[in-house]
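Student: I have a structure open and want to learn how to read its features. Can we go through them one by one?

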Amino acid sequence: MLKQFDLLSLIGLKFDWDVLDSGFTGVTSTLHGLTSLGDPALPGKLLASRPSGFPEAEINELSVVGSGTWFNGEREPRVEPQIVDLSVTTDPYGPFVRVSVHHDIWSWFDFSGRPHPEVHSRNAPRLADALRTLNSTFGVEAETGEPTYFGSAVGFGVSTPDADENGMGPNLSDKL
């Protein structure tokens, strides 16, 4: 679903192995060269990478590794890794899907606090549409995660911080 909005193109999967009642084994596997999560051979490939030292281990968290496209102020596309991350965590009560975004393209301000409305208007609506599609497809309302230094999820996007008297947002570049 994220691929249809050019937000996450699959390159591979990264996954952690846990043992029931013991926790994380310390082993993370990566499977590259994938083109589709719908490949019927994929579950077998994942399980074939189970660490031999932990034959009872099960996959705990699975993360999609990939890149996405964003558009600059001149409408030029830029492809970068991990502008959007998607992970699925197994849980006794059912799977938990987490979508997280990285970059300043989703916000009205760049990380230095400068307004960039052209960048925002070319990227934030795509994220909103993708999140609406995920909600609709899974039949759930997504919950917003915890705020970070760089922003907070609000509705189907990222909150806009207050501008100062000069129209600038907060300078967040000290944490980059």
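Student: Let me start with Asp-129. Is Asp-129 buried, partly exposed or exposed?

Tutor: This is a predicted model, so every value here is computed from it. To judge cover, use the cut-offs: buried is under 20% relative accessible area, exposed is over 50%, and partly exposed is in between. Asp-129 has 36% relative accessibility, so it counts as partly exposed.

Student: Which residue forms a salt bridge with Asp-129?

Tutor: For a salt bridge, look for a side-chain nitrogen of Lys or Arg within 4 Å of a carboxyl oxygen of Asp or Glu. Here the partner is Arg-132, and the closest N and O atoms are 3.5 Å apart. Arg-132 is partly exposed too, because its relative accessible area is 42%.

Student: Where do Arg-132 and Asp-129 lie?

Tutor: Both are in helix α2. They are three residues apart, about one turn of the helix.

Student: How many salt bridges does the structure hold?

Tutor: Six. One of them joins Glu-61 and Arg-98, with the closest N and O atoms 2.8 Å apart. Glu-61 lies in strand β3 and Arg-98 in strand β6, so this pair ties together parts that are 37 residues apart in sequence.

Student: Which residue forms a salt bridge with Arg-78?

Tutor: Glu-76 does, with the closest N and O atoms 3.2 Å apart. Glu-76 is partly exposed at 35% relative accessibility. Arg-78 is also partly exposed, with a relative accessible area of 38%.

Student: Arg-78 is in β4. What is its bridge partner there?

Tutor: For strands, look for bridges that link one to another. Arg-78 in β4 is the bridge partner of Trp-70.

Student: How many residues of β4 are buried?

Tutor: Zero of its five residues, 77–81. Strand β4 is hardly covered.

Student: Now the whole chain. How many helices and strands are there?

Tutor: Two helices and eight strands. Next, read their order along the sequence: β-β-α-β-β-β-β-α-β-β.

Student: What about contacts and charges?

Tutor: Ask how far apart in sequence the touching residues are. Of the contacts with a separation of 6 or more, 54% come from residues 24 or more positions apart. For charges, compare mean positions. Those of the 12 positive and 24 negative charges are 8 Å apart.

Student: Let me try one loop. Where is Phe-111, and is it buried or exposed?

Tutor: Phe-111 is in the loop between β6 and α2. At 17% relative accessibility, it counts as buried. Leaving aside neighbours within four places in sequence, its contacts include His-103, Phe-150, Leu-172 and Leu-176.

Student: How far is Phe-111 from Gly-169?

Tutor: Compare two distances. Along the sequence, they are 58 residues apart. In space, they are 8.5 Å apart, C-alpha to C-alpha. Now try Lys-175. Its C-alpha is 9.4 Å from that of Phe-111, though 64 residues separate them along the chain.

Student: Is Lys-175 buried or exposed?

Tutor: Lys-175 is exposed, at 52% relative accessibility. It lies in the segment after β8. Apart from residues up to four places away in sequence, Lys-175 touches Tyr-149 and Phe-150.

Student: And Ser-107, is it buried or exposed?

Tutor: At 10% relative accessibility, Ser-107 is buried. Its place is in the loop between β6 and α2. Beyond residues up to four places away in sequence, Ser-107 touches His-116, His-120, Ser-159 and Pro-161.

Key. Residues are numbered from 1 along each chain as its sequence is written. This is a predicted model: local features need pLDDT of at least 70, side-chain atom pairs count only at pLDDT 80 or more; totals for chains, interfaces and linings use all residues. Side-chain values use heavy atoms; hydrogens and water are left out. Buried means under 20% relative accessible area, exposed over 50%, partly exposed in between (1.4 Å probe, protein chains only). Helices (H or I, at least four residues) and strands (E, at least two) are DSSP runs, numbered from the N terminus. Two strands pair if DSSP finds at least two bridges between them. Contact means heavy atoms within 4.5 Å. Lys and Arg count as positive and Asp and Glu as negative; His and the chain ends are not counted. The place of a charge is taken as NZ of Lys, CZ of Arg, CG of Asp or CD of Glu.
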